[in-house]
Structure formats: C-alpha cells, structure tokens
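Please walk me through how to read the features of a structure, taking each general idea before the case at hand.

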Amino acid sequence: MPYVGQAVKRKEDYRFLTGRGAYTDDLTLPGMVHAAFVRSPYAHARIRAIRTEAALKAPGVLAVLTGEDFAREGVKPMPVGWLLPTLKIPPRPVVAKDEVHHVGEIVAVVVAETRAQAEDAALLVEVDYEPLSPAADLRKALAPGAPELHPEAPGNVAFTWEIGDEKAVEEAFAKAHKVVRLSLRQQRLIPNAIEPRASLAAYNPGTGEYTLYTTSQNPHVHRLMHAAFILGIPEPKLRVVAPDVGGAFGSKIFPYPEEAAVLVAARQVGRPVKWAARRTESFLMDAHGRDHETEAEMAFDAEGRVLGLRVRTLANMGAYLSLFAPAIPTYLYGTLLSGQYRIPAIYCHVTGVFTNTTPVDAYRGAGRPEASYILERLMDLAAEEFGVDPADLRRKNFIPKDAFPYATPVALVYDSGNYEEAFQKALELVGYWNLRKEQAELRAKGRYLGIGLSCYIEACGLAPSKVVGQLGAQAGLWESALVRVAPTGKVEVYTGSHSHGQGHETAFSQVVADLLGVSLEDVEIVHGDTGRIPFGMGTYGSRSAPVGLSAVVRAVEKVLDKARRIAAHLLEVAPEDLEYREGRFEVKGVPGKAKGFQEVALQAYLAHNLPEGMEPGLEATAFFDPSNFVFPFGTHVAVVEVFPETGEVKLLRYVAVDDCGPQINPLLVKGQVEGGVVQGIAQALLEEGVYDENGQLLTTSYMEYAMPRAAHIPRIEHGHTVTPSPVNPLGVKGIGEAGTIAAAQAVVNAVMDALRPFGVRHLDMPLTPEKIWRALRDRVPVAAD
Amino acid sequence: MERVAIQVRVNGVEHRHEVEPRTLLVHYLRETLGLTGTHVGCDTSQCGACTVLLDGKAVKSCTLFAVQADGREVLTVEGLSQDGLHPVQEGFREKHGLQCGFCTPGMVMAAYALLQENPNPTEEEVRHYLEGNLCRCTGYQGIVEAVFWAAERMRAAQAAD
Ligand code: FES
Ligand code: FES
C-alpha cells in the first residue's frame, strides 16, 4: 500500500514523547560556560559610559564584553536580506555601543562558569545612560518634529513602496456605485514558540573552526549571515546545527545578535558558551509580527461587483530592520490583495516606519494574514451596505475556476484554484443557511449569534529565484536534496528544509518510500546541520512540501535512473525494457526476470560489473527552483455568541475547509491547520504586544500576554478539496500558515456580525470582553431586521 | 554559596546531592541529573513545559526549589514507562497531540496526572485541567483527543485486571 495520502503516525514522536528529544538547551559541551546579557531598560538612550569592573570581579566571571569589544573585533552589523529601492538601512549592531533604540537591546555580554553567576554579574554592570525621547508608536514617529532614531532615515521613514495601478484605481472609484471604507489596525503579535531561543557556540583555536548549535529554521542561512556578513570568516569555518527545534512560527528564521555574541564570546574565553533565553528575553528580542495601520477602500458597481481596491498602510518596522522585514509588508502583503476575487484595479501604498520598539519580521503567515484580513472585513462591510448576505456577495466576486492560471493586478499569477467548491463545502459543513435562520430567531429573543466567513488565499513556496531576485531578495529560494543509498539499500535523504514541528521525517519518508518501493523504516531523513547537508534555504513560508520535497523527488528520480541503468546492464536488456514496481526492476513481459533495489544498490558499490564508464556508488543531488509560487486556499467559518452584558465572546463552532492540493499525510495537514487556526483565533480575541508611550513593552510574560489555552478553543471541524498545483512534481501546496491566514477575520467577522443590531461597524483586534463591553455600553440594539 | 544536602527519589532511583538553596527543581533535574525531558518554557509558572509529578501530584518544577523535593518522590517523563510507551504517550502519538514536541513532556505528565485523578473526564474537564499548559503548535485539538484515547485504554486495562 502506498504511504502517500495515508495518516501515517510520526516517526519523530517516540523521542519527543519519552523526553529524548535534543533541543539546543539540552546540549552540554565539555568545559561549557554561560552567557547572560545586559539589556537596555530604555527605549531610546545614549550610552555615556559602561563600567564593568564590579562584574568582572564577581564569582565565576570569565569575561564582560561591551560594544567597544565587538567593534574592536571587527564584528559587523546585522545584515538585511531583502532590499527595496527606497530602503534606508541603519546599522544594527550585535552589541550597542553609542546608542540604544529599543528596550532589551544588548549592551554587554557577561560570561561566567554558571548561568546563575552570569546573571548575577550582569546586574553589576553599570551603564550610564542619557535618556533620549522615544518615538514609540507609528503616528508619533511620523509626526513633524518627532525624535529621530537614525540619521540615515530622516523622519523615521524606512521606505515607501507601492504596487498596482493608481490611475486605474482612481478611474474605478470615479465610476463606482458604492465605496466601502475601513480604517483598521493589525495589532503587534509576539510569536512565542514554547521553546525559548537558545544558542551554544564553540571555537577551536587549532583549526579556526566554530560550531553553533542554535534554534534555527534554516541553519544554512544562519551560517551565511553569521560567517560572511557578521563575523567576516569563511563560511566553511562555521558549522551551524539546529537540533530539535521547539516551534518557531517565523521567529527562528533570522540571525539574532545573541548568536553572534556567543560565537565571539566562545572565541574570547576559549570555552563553549551557552545562552538560553528567559521568556522575558523572548518577548523583548524575538522578532515581533504584524503591526500595521491601514486605510482601505473598495469600490463596487451597482450589482455588487468589485471595481477597485485602494490600500494605504503604515507598517511599524521597530527600531531596526530584521533580516526579511522589508519583504513582509511589501511583497508578501501588497501582492496578496486580490485574494480570491476578481478585482480589476488595485493600488497599495506602504510606508515603513522606524519606532523605538522591537524589530518586526515574519510571523506565521507574514503579510498574507494582514492582506486577507482587510479583504474579508471589506467584503462583510460591503454586504451590509448593499443589504445582501456576505456569502452571496463573495460568490459573485470569486475568480472562476476556469480562469487559471490567473494574473492579478498586483503581480502574481495564481497557479490553480477552485474557490467556489471549497466555499460551498464550508457553507454546507457549517449549515450556513440554517444558522442564518437560527440567528434571526435568537436575535428576536435578545441573544446575539454571529457567523463569520473568511475566504483566504496563501502564497507559499516563494519562487522562482530569478523573480524574487528582481523584487529585492538577496537569496535564491530554491531547495536542495541529496539522496544517498547505502550498499544495503537503506536510504538517507539530506534535505535543506528543516522541521520545527511539521513532521518532515515522516512526510518526506512517505514520499521517498513510495517512489523507491521500500519501507518507511528504510528511509532516514537528515536535516538541520550545515556539516551534513549540501546547502539549503530552510523552512518558512510553507515551502517544505512544494519546494523542499520537490527537490527530494528530483534527486530520487536521478537515483532511480542510475539504478535502472545498472539493473539493465545486469539483466542484459535496455533500460527502457525495465519496469520499476514495488522495489524491483522487472523486464517487461518476462515475469520473474528482475533485480531488486537492494541488489542493485549493492552492485553499485561493489562496482564489479557496471556499465562501461559508469561511476560507482548510488546517490544524487538535486536543486529545485519552482517556476512559480503555489497558492493554497479555502474558506473558514466561525460561529460565535456575544454576551452584551459582559462583552464576552463564546466561540461556538469553527469550520475549516482547506485546499493544499494532494495531501501527503492528512494527519499532519490536520495538525497544521488546527495549530494555525488557533493562532488566528488568538489574534482575533486575545493576543497583543503592548508598548507604553515611553517604549516600554508592557507584555513581557504570560501574565500580561494572553496566549490561547485549551479551554479557549472549540473543536475544529475540517473539510478538504483537492486542486493540484501544476508547478511541482507532486502537485502539492503548503499548509503551514493557512489556518493563521484564515482565522482572525473569520472570528472578527463573526463577532461584528453578532453586534450588527448594535450598529457597531468595526472594532480592532483583539476583541477582548472589555473592548466589546465599552463599545456596547451606550448603545441599544435596534429591532431585528 | 552554601549548599544543602538533599535526597530525592526520581523515577524510582534514589539520588543524593548537595545543591544551592536557590536551585530550582527543574534545573536540578535537567542539569544535575541530566534528565532533559523536563523543559523550561517560561519563568513564571505559566506554560507547564516543566510539569512533573511530586509524590503523585502534578507540579511545575520551575516553581519549586530542589530542596523542597527533599525526601520526596519525583516522576518525570523519562520515568513514565519502563518499556515502550505508556498509554498516555501512545495516545499523543495516535492522535497527533504533538508537533515540535517541546510542550509535550509537560503535557504528557499533566494528562497522566489528570487521568490518575479522573479516569473518565469530559472534554470540558480535560480542557480545563490543561489550562496551565501552553502548546503553541497543536491548537490543543490533538492533545484533547489523545487524552480521551488514553483514558479509554487505561479504563479497559483496569477493567481487564
Ligand atoms: S517553565 Fe515551568 S511553567 Fe513554564
Ligand atoms: S507541540 Fe510545540 S508547543 Fe506543543
């Protein structure tokens, strides 16, 4: 029975379930010592002086390193990996020397024998700050006369960027029957992988080689950035290993100052140095996500067809540019503004703004949830203004299934889609029209049910490299794979993708086992170590299946091709005369005349009898650069009840219909969707990273930052449709971010639907009971319509 | 810093050590005993990644000092099953109740403690009991299903005895 398509249980689970996983903080090296960081308590300040004497005398302390030391060592600023034409790039030092720009920025590194000693001594480092006035929020940073963060960026503008045809949009609005407007905020979110970031660095003075164990989604990218750009050493001198990684959601894509700091510290003290973040440090230093302010307008004709969309966004970048930060509110956002709809004209303008807050970067979905949220909120508001059901308005505007490949006015060409089918399925699953009746009945009794629709699209597997290069990416976005068959026929697969919970060891094994006709146990997946895998771009943007696995498929095909030639030689037939089935090369039409995969593998290594001129061995490397993105999609529906007396929202049901093409492992798909949906629900109802006007982060622990817990979430009901992608050999699309992209607006639409009788048009996330209660307290419900 | 002698039985094995009074139980388990299955996810007793059983009760080992475990019995995820998987662990595997696996040891220990106290919980009881354990990956659905799967197995095994 083939493995692909089966809900195969995960290979990786045994070690995690028995406590035998090996996460970075679980590792110990001989002679290991510990680092603690001295961090800025100010959002904006000049550093006048740093006194380290007392810390240096503290028990167990081996070194105290400041920005001066890092500058002297020639350590370069943190790199930016996506360039926009107008981008201003102020240097972000590993350790601040002259000025700090956000709370938590590193000012000094203390290394001591134990973690407790390092943390104790960090308290003894005296920093003489001259506080400067901060620009902690978007509006304040842009106001005339605002304090400026960086001389490179006058007016705190990091960049301006636009996409689409402004004039065509103006014309569309000029002839519109109706224009729907919405101002909204996408609140700041903090990723909160439950494993805090951690890094362990070692240096060998004999060879000049460094090893960095770190919490990374893409060890090769970390290696490239730290070696070539920050430390200025040859890449082969740095090995980066990401062992088991405890969740990431984007936050472990980027190189961080702490990683560079422990590498430098390890060389300085001549001992391996470990740092593991306290949760508060994670809140202060992990790249945050979202944080937009947007004005959006949508123009409709008299029949309710969309004519045009205009969006203006201020995107808070934080104090510096994190690695991929410039790409998130631009190419991963503006290009998604067509969603599932046929919109003839779109224009989007984005201003990136520096503020004295933690830098933002990709967080699950990265740009796509922000775009999808705007569209789906506008659709609901428009339906209300037209006096039609939101389901009917959406259906009228879908891109029809025979229109693919479909070119949007904002640069993308959708590979394949069938939006209507997924939509229909979701409505059926939830019992949409019955719910509408129930809603009307309950309203008459003073109970407020709400139904929220979300038709989302995701763009994943960023590609092709040539195109992303034209858009500013400083990297190719292909993936590599090496498939190595051992003489016994056991298979090792080395992939540049790197799992941080997605279950690659299982899903990748399923595909390889099927292609080779071997058992799941015969396939071993190797990832996360630059010392072992050829090269790789890692795991983010739901690229592992469409890009990473495609590279694996290509490498397997090369291996099979060689194996076929060996088998043909041994059987003394032409390669075309062989048929490969269930792990055997059989001569067509001659039952019983065959060579098994194991035997061929052995012969490849014995090399006693190979075709003339053939190299021994059986392995192949492939690099896969897809011809386009893939575009998963679906419809999610949330059903809520809102209690006006308290403002509480009860989530009654959640239906998710997703289409990620053929599913390799439905169990894993379900898991990804559920995890993603809950992150989206939490954005709608709970989560927000909050700064005060001085730039102090007020949410620095789980006591202030509301994370979703088991009791907050209803059972999630699933449905699927299958629309294969034409751009990769398996037809697969990614599913890692779909839930998060879809969920927030499903829930917000549901809540706003429930509040319709009160005449509340829009509330910004998170929809906390207090916010709803405040919005309702002066209002009386109008009679049911 | 002064050190205090403690004697703790961990996963059935007696240990004697001298620890600093400020050493947290989780650090004693991870660093002194090398039992790194118990994880640290926060510093505020909020995430539950460090959940272990102390004399049979689920506790957060980041909230207790090692000295508080003196003379007592600790069960960590490494000790849950001597061979193969305990039904609770098996349930997590069956129902895909884990992704990155970081919250998992704490979840498994909390789920085990729940089923010791209440072998036949309702969904609401399960979700309520797990309030103190954060999982960022699974959205909890698989975890809740895992607990039911395990509960059923454990009840069946009990009935068979
Ligand atoms: S580490 Fe103990 S509760 Fe979070
Ligand atoms: S499985 Fe990753 S936090 Fe729970």
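Q: How many residues does the contact take from chain A and from chain B?

A: This is a predicted model, in which local features need pLDDT of at least 70 and side-chain atom pairs count only at pLDDT 80 or more, while totals for chains, interfaces and linings use all residues. Residues are numbered from 1 along each chain as its sequence is written, chains are lettered from A and ligands numbered from 1 in the order in which they are written, and side-chain values use heavy atoms, with hydrogens and water left out. Contact means heavy atoms within 4.5 Å, and here the contact takes 53 residues from chain A and 48 residues from chain B.

Q: How is buried area read, and what do chain A and chain B bury between them?

A: Buried area is the accessible area (1.4 Å probe) that two parts lose on being put together, summed over both. Chain A and chain B bury about 4400 Å² between them, with 54% of it on carbon and sulfur atoms. Of the area that chain A buries against chain B, A:Leu17, A:Ile194 and A:Arg709 supply 18%, more than any other three residues.

Q: How many salt bridges does the rule find across the interface of chain A and chain B?

A: A salt bridge is a side-chain nitrogen of Lys or Arg within 4 Å of a carboxyl oxygen of Asp or Glu. The rule finds nine across the interface of chain A and chain B, and the side chains of A:Asp26 and B:Arg30 meet in a salt bridge at 2.8 Å, N to O.

Q: Which element gives the largest share of the side of chain A that touches chain B?

A: Helices (H or I, at least four residues) and strands (E, at least two) are DSSP runs, numbered from the N terminus. The elements giving two or more residues to the side of chain A that touches chain B are helix 1 (13-17), helix 4 (115-122), helix 9 (279-285) and helix 18 (666-685) of chain A. Helix 18 of chain A gives the largest share, nine residues.

Q: In what order do the four strands of the open sheet in chain A lie?

A: Strands of a sheet pair through backbone hydrogen bonds, either parallel or antiparallel. Two strands count as paired if DSSP finds at least two bridges between them. In chain A the order is 18-26-27-28, and the pairing is mixed. Strand 18 (448-457) and strand 28 (716-720) of chain A are the edge strands, each pairing on one side only. Strand 27 (residues 648-659) of chain A runs parallel to strand 28 of chain A and is joined to that strand by five bridges; A:Ala656 has A:His718, in strand 28 of chain A, as its bridge partner.

Q: Which peptide bonds are cis?

A: Omega is the angle to read here. The bond from A:Phe404 to A:Pro405 is cis, with omega near -5 degrees, and A:Pro405 is found in the loop between helix 11 (390-397) and strand 16 (406-407) of chain A. The bond from A:Met765 to A:Pro766 is also cis, with omega near -5 degrees.

Q: Does A:Glu572 count as buried or exposed, and why?

A: Buried means under 20% relative accessible area, exposed over 50%, and partly exposed in between (1.4 Å probe, protein chains only). A:Glu572 counts as exposed because its relative accessibility is 73%. A:Glu572 lies in the loop between helix 16 (544-571) and strand 22 (578-581) of chain A, and its phi is near 55 degrees, a positive value in a residue other than glycine.
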